[in-house]
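Visitor: I have a structure open and would like to walk through it. Can we take it piece by piece?

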Amino acid sequence: MRTAEQILREARTIAVVGASRDRMKTAHSVPLQIQRHGWRIVPVNPFADEIFGERCYRTLADIPFPVDLVNVFRPSEDATGVVKEALAIGAPAVWLQQDISSPEGRALAEAAGVDFVENSCIAVVRAVHAITLV
């Protein structure tokens, strides 16, 4: 299993499940910061057509190209379902944001050989390790 730092350094395209249009929510500000540092952010939100200047997809299965990482901004009780969707599209890594965890999701990811991070903010990891793609 790769570390959070390794996953982020090697990712280029990140699907963000639960991306928000609301600029006051971390589900907006965190992915926007990651985008500003060079990653392609693919928002997944069934109630929006566009976020971060990118087309928004209703589900992970609707994304017509591969993603390197699925970043999750949904409640812990939804996380296992999102992990299952990420496995179904062949995502090599799943990252549950700070305060989100799923023991069942971790077990599923590990059994599938998929890297898994939980209860960790992708923006904090980016900042601590000074990772940028631009």
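This is a predicted model: local features need pLDDT of at least 70, side-chain atom pairs count only at pLDDT 80 or more; totals for chains, interfaces and linings use all residues.

Visitor: OK. In what order do the five strands of the open sheet come?

Guide: The order is S2-S1-S5-S6-S7, with parallel pairing. Strands (E, at least two residues) and helices (H or I, at least four) are DSSP runs numbered from the N terminus, and two strands pair if DSSP finds at least two bridges between them.

Visitor: Which are the edge strands?

Guide: Strand S2 (40-44) and strand S7 (115-117), each of which pairs on one side only. Neighbouring strands in the sheet are turned by 20° against each other on average, direction ignored; the axes are lines fitted to C-alpha atoms, and angles run from 0 to 180 degrees between N-to-C directions.

Visitor: How many bridges between S1 and S2?

Guide: Five, with S1 covering residues 13-17. Val17 has Val44 in S2 as its bridge partner.

Visitor: And what does S6 pair with?

Guide: S6 has three parallel bridges with S5 (residues 69-72), and three bridges join S6 to S7, also in parallel. Val94 is the bridge partner of Val70, and Phe116 in S7 is the bridge partner of Val94.

Visitor: Through which helix does the chain cross from S6 to S7?

Guide: Through helix H4 (residues 103-111), in a right-handed β-α-β crossover. Right-handed means that, with the strands pointing away from the viewer, the path from the first strand over the helix to the second runs clockwise.

Visitor: Which way do the S6 side chains point?

Guide: Ala93 and Trp95 point one way, Val94 and Leu96 the other, and all are buried. Buried means under 20% relative accessible area, exposed over 50%, and partly exposed in between (1.4 Å probe, protein chains only).

Visitor: New topic. Which residues touch the most other members of the largest nonpolar core?

Guide: Leu8, Ile14, Trp39, Ile41, Leu69, Trp95 and Ile122, out of 27 residues. The largest share, four residues, comes from H2. A nonpolar core is a set of buried Ala, Val, Leu, Ile, Met, Phe, Trp, Tyr and Cys residues joined through side-chain atoms within 4.5 Å.

Visitor: What is Leu69 in contact with?

Guide: Leaving aside neighbours within four places in sequence, Leu69 is in contact with residues including Ile7, Ile14, Trp95 and Ile122. Contact means heavy atoms within 4.5 Å. Apart from this core lies another, of 21 residues, among them Ile63 and Val70.

Visitor: Is Cys56 buried or exposed?

Guide: Buried, at 5% relative accessibility. Cys121 is buried too, with a relative accessible area of 12%.

Visitor: Last one: where is Arg12 found?

Guide: In the loop between H1 and S1. Arg12 is partly exposed, with a relative accessible area of 43%. Leaving aside neighbours within four places in sequence, Arg12 is in contact with Trp39, Arg40, Asp68 and Leu133.

Definitions and conventions:
Residues are numbered from 1 along each chain as its sequence is written. Side-chain values use heavy atoms; hydrogens and water are left out.
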